[in-house]
Structure formats: C-alpha cells, structure tokens
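These are my notebook entries on a single structure.

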Amino acid sequence: MATITAIIPPQAKSKYLRACLLCSLIQMPMDFRKIGCPNCEEIMQMKGSPDRIAVCTTTYFDGIIAVIDPEASWVARWQRTSKYVRGMYAVRVKGRVPEDVEAELESRGIKYRPRDQTDQD
C-alpha cells in the first residue's frame with residue numbers, strides 16, 4: 001500500500017503558499033487544484049475548483065512545521081496533525097472554514113476547532 005503524502009512545495013516565496021483552513025496543510029494553489037487536500041478533501045472539495053480553494057485556504061498563516069512521521073511526532077500531536085499525511089503544516093492559520101463546511105462537520109458529529117489557536121485545549 002502506498003503512503004499518502006502531500007506535495008511538498010519547492011522553495012517558494014511564502015506569498016504563493018496557501019494553508020488549508022481545516023487541517024493547516026500548506027501547498028501551492030496548483031497542488032490544491034490538482035489533488036485537493038489529502039487530509040480533508042472529502043469535506044473541503046477543493047480538487048479542480050479555484051473558487052473552493054479561494055474560500056477554503058488562506059495565505060495568512062504563521063510558522064511552518066515539516067511533519068515527516070506524524071504518528072511519532074510530539075509536535076504533530078501538539079498541533080493536532082498526528083492523524084494527517086506527512087507534509088508541511090502552518091502553526092497558526094487565520095480564518096475560518098466556510099459555513100457549509102462547518103455544517104457538514106456538525107452533521108458528522110465533529111467539533112470544528114479553528115487553527116488560529118484561539119480554542120486552546
């Protein structure tokens with residue numbers, strides 16, 4: 001079985017990178033368009049949709065964490081990304097997911113927790 005991983009952005013100016021508002025994965029916009037978000041595509045539905053990418057990701061984020069082994073990483077556990085694919089994640093993401101995504105999460109019994117660190121454990 002192949003390991004699922006995010007596309008690691010090449011060296012690029014951070015203004016071209018975008019972070020998923022739900023899981024904080026960082027990718028280039030074209031990668032979100034090609035593959036969507038490997039962690040939450042089922043809910044976010046960004047693959048092939050520039051409009052969805054614009055509302056479900058942001059360029060406003062702080063810090064970058066490279067997660068190689070999510071299950072073994074204490075940083076990934078602290079960031080709540082230990083169940084996600086390996087890749088680059090933002091420490092803090094400014095913004096909220098669209099209302100339809102919040103409603104979908106609620107219907108699945110999942111509590112939405114913004115990634116801007118205002119909702120600390």
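**Entry 1: the core.** I began with the largest nonpolar core, which has 30 residues; Cys-20, Leu-22, Cys-37, Met-44 and Met-46 touch the most other members. I took a nonpolar core to be a set of buried Ala, Val, Leu, Ile, Met, Phe, Trp, Tyr and Cys residues joined through side-chain atoms within 4.5 Å. At least two residues of this core come from each of strand 1 (18-20), helix 2 (41-44), helix 3 (50-56), strand 4 (61-67), strand 5 (87-93) and helix 5 (99-107). Strand 5 gives the most, with four residues. Helices (H or I, at least four residues) and strands (E, at least two) are DSSP runs, numbered from the N terminus. I noted beside this that nonpolar side chains tend to be buried together in soluble globular proteins.

**Entry 2: basis of the values.** The model is predicted: local features need pLDDT of at least 70 and side-chain atom pairs count only at pLDDT 80 or more, while totals for chains, interfaces and linings use all residues. Residues are numbered from 1 along each chain as its sequence is written, and side-chain values use heavy atoms, with hydrogens and water left out.

**Entry 3: Leu-22 and Arg-115.** I then listed the contacts of Leu-22 (heavy atoms within 4.5 Å). Leaving aside neighbours within four places in sequence, Leu-22 is in contact with Cys-40, Ile-43, Met-44, Val-97, Leu-105, Tyr-112 and Arg-115.

Arg-115 lies in the segment after helix 5. Is Arg-115 buried or exposed? Arg-115 counts as buried, at 9% relative accessibility. The classes are buried under 20% relative accessible area, exposed over 50% and partly exposed in between (1.4 Å probe, protein chains only).

Which backbone oxygens does the side chain of Arg-115 reach? One is that of Leu-22, at 3.0 Å, and another is that of Arg-80, at 3.1 Å. Not counting residues up to four places away in sequence, the residues that Arg-115 touches include Cys-23, Ser-24, Gln-79, Thr-81, Tyr-84 and Val-91.

**Entry 4: salt bridges.** I searched the whole structure and found five salt bridges, each a side-chain nitrogen of Lys or Arg within 4 Å of a carboxyl oxygen of Asp or Glu.

- Arg-52 and Asp-100 meet through their side chains at 3.1 Å, N to O. Arg-52 is in helix 3 and Asp-100 in helix 5, so the pair ties together parts that are 48 residues apart in sequence. Arg-52 is buried, with a relative accessible area of 17%, whereas Asp-100 is partly exposed, with 43%.
- Glu-102 and Arg-96 form a salt bridge at 3.2 Å, N to O. Glu-102 is partly exposed at 26% relative accessibility, and Arg-96 is partly exposed at 47%.
- Glu-104 and Arg-108 form a salt bridge at 2.5 Å, N to O. Glu-104, at 29%, counts as partly exposed, and Arg-108, at 36%, also counts as partly exposed. Through salt bridges that share partners, Glu-42, Glu-104 and Arg-108 are joined into one network.

Entry 5: Last, I looked up an open sheet of three strands, which has the order 2-1-3 and antiparallel pairing. Strand 2 (26-27) and strand 3 (57-58) are the edge strands, each pairing on one side only. Two strands pair if DSSP finds at least two bridges between them. Strand 1 and strand 2 pair in the antiparallel sense over two bridges. Which residue of strand 2 is the bridge partner of Ala-19? The partner is Ile-26.

Terms used. A polar contact is a pair of N or O atoms within 3.5 Å; within protein, one must be able to donate a hydrogen and the other to accept it, and residues adjacent in sequence count only if both atoms are side-chain atoms.
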